[in-house]
Amino acid sequence: MSDHVRDLASVREATDRLLTAVGTLDNAAVAESSRLPGWTRGHVLAHLARNADALANVLAGRPMYPSAEARDADIERDAPRGLREQLEDLRTSAAGFEARAGLPADWARTVELRNGVKDSASRIPFRRWVEVDLHHVDLGIGYDLEDLPAEFVEREIDFLAERFAGHPDMPSTGLKSDGGLVWTTGGGAGTAPVGVAGPAPELLGWLSGRRDGSGLTVEGGRLPVVPPL
């Protein structure tokens with residue numbers, strides 16, 4: 001199977017995990033704070049539903065969102081809903097994304113996301129997988145970075161290391177997981193290279209802004225400040 005087909009299967013598996021876990025909540029739990037500052041669990045669930053719609057738009061050649069303001073307004077509108085409505089929206093939007101992704105298409109074409117970001121259409125399924133699994137962690141309902149599939153963790157570290165490569169505010173940084181995987185990122189800031197090592201989930205948590213890096217070891221200087229995503 002091609003990468004995008006495998007990734008679509010992984011999206012389905014991640015979505016099933018999410019729906020099963022969210023289904024154990026109640027209305028009060030949905031209204032409680034998530035791990036994301038300023039967002040309830042309802043905000044996270046609303047974002048996930050609207051993101052499925054948005055990535056279906058991308059695959060259809062439409063703008064991802066009408067505007068940044070419309071994106072934010074939709075999340076605020078949908079966040080206060082109860083569990084039943086949230087679950088139904090998650091299922092429906094996920095099915096819509098899967099249906100769009102299942103249509104015959106040129107997966108080598110370039111598509112445009114938010115803020116003018118461009119990528120290969122073949123990477124959109126992985127981007128959806130990232131949204132589903134990382135935001136499942138953000139819900140704070142018993143699914144953590146250590147529970148993520150190993151392939152996912154490695155590929156998302158690849159993605160973030162590539163994203164921050166050459167960033168002027170981050171020194172050249174070598175990353176090494178306890179499993180022996182190695183990445184390089186950063187490259188600016190005019191300082192000596194720094195080495196950062198630890199378990200892959202800790203590296204991912206630090207790079208994605210979900211952990212403070214206290215579970216990592218640093219050589220050659222201080223732990224770099226990761227630029228905002």
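1. The largest pocket holds about 960 Å³ of space. A pocket here is an open set of points on a 1 Å grid over the protein atoms alone, where a 1.4 Å probe fits, with protein on both sides within 12 Å along at least five of seven lines. The volume is the space filled by probe spheres set on the points, which are joined across faces, edges and corners. Bear in mind that this is a predicted model, with local features needing pLDDT of at least 70 and side-chain atom pairs pLDDT 80 or more, while totals for chains, interfaces and linings use all residues. Numbering runs from 1 along each chain as its sequence is written, and side-chain values use heavy atoms, with hydrogens and water left out.

2. Who lines that pocket? There are 29 lining residues, and R114, R127, E131, R163 and L229 are the closest to the centre; lining means having an atom within 4 Å of a point. Helix 3 (41-59), strand 2 (118-120), helix 6 and helix 7 each give two or more residues. Helix 6 has the largest share, with six. Helices (H or I, at least four residues) and strands (E, at least two) are DSSP runs, numbered from the N terminus.

3. By class, the lining splits into 13 nonpolar, six polar and ten charged residues. Asp, Glu, Lys and Arg count as charged; Ala, Val, Leu, Ile, Met, Phe, Trp, Tyr, Cys and Pro as nonpolar; the others, Gly among them, as polar.

4. On to the rings: the count is three aromatic pairs. For F126 and W129 the centres are 5.8 Å apart and the planes at 90 degrees, so that pair is edge-to-face. The rule takes Phe, Tyr and Trp (its six-membered ring) with centres within 6.5 Å; planes under 30 degrees apart are stacked, over 60 edge-to-face and the rest tilted. Both F126 and W129 lie in helix 6 (residues 124-138), three residues apart, about one turn of the helix.

5. F126 also pairs with F152: centres 6.1 Å apart, planes at 45 degrees, so tilted. F126 is in helix 6 and F152 in helix 7 (residues 150-164), so the pair ties together parts 26 residues apart in sequence. Ring pairs link F126, W129 and F152 into a cluster.

6. Are F126 and F152 buried or exposed? F126 is buried at 6% relative accessible area, and F152 is buried at 0%. The cut-offs are under 20% for buried and over 50% for exposed, with partly exposed in between (1.4 Å probe, protein chains only).

7. Last, the charges over rings. The charged end of R155 sits over the ring of F126, 4.2 Å from its centre, and that of R71 sits over the ring of Y65 at 5.8 Å. The test is NZ of Lys or CZ of Arg within 6 Å of the ring centre and within 35 degrees of the ring normal.
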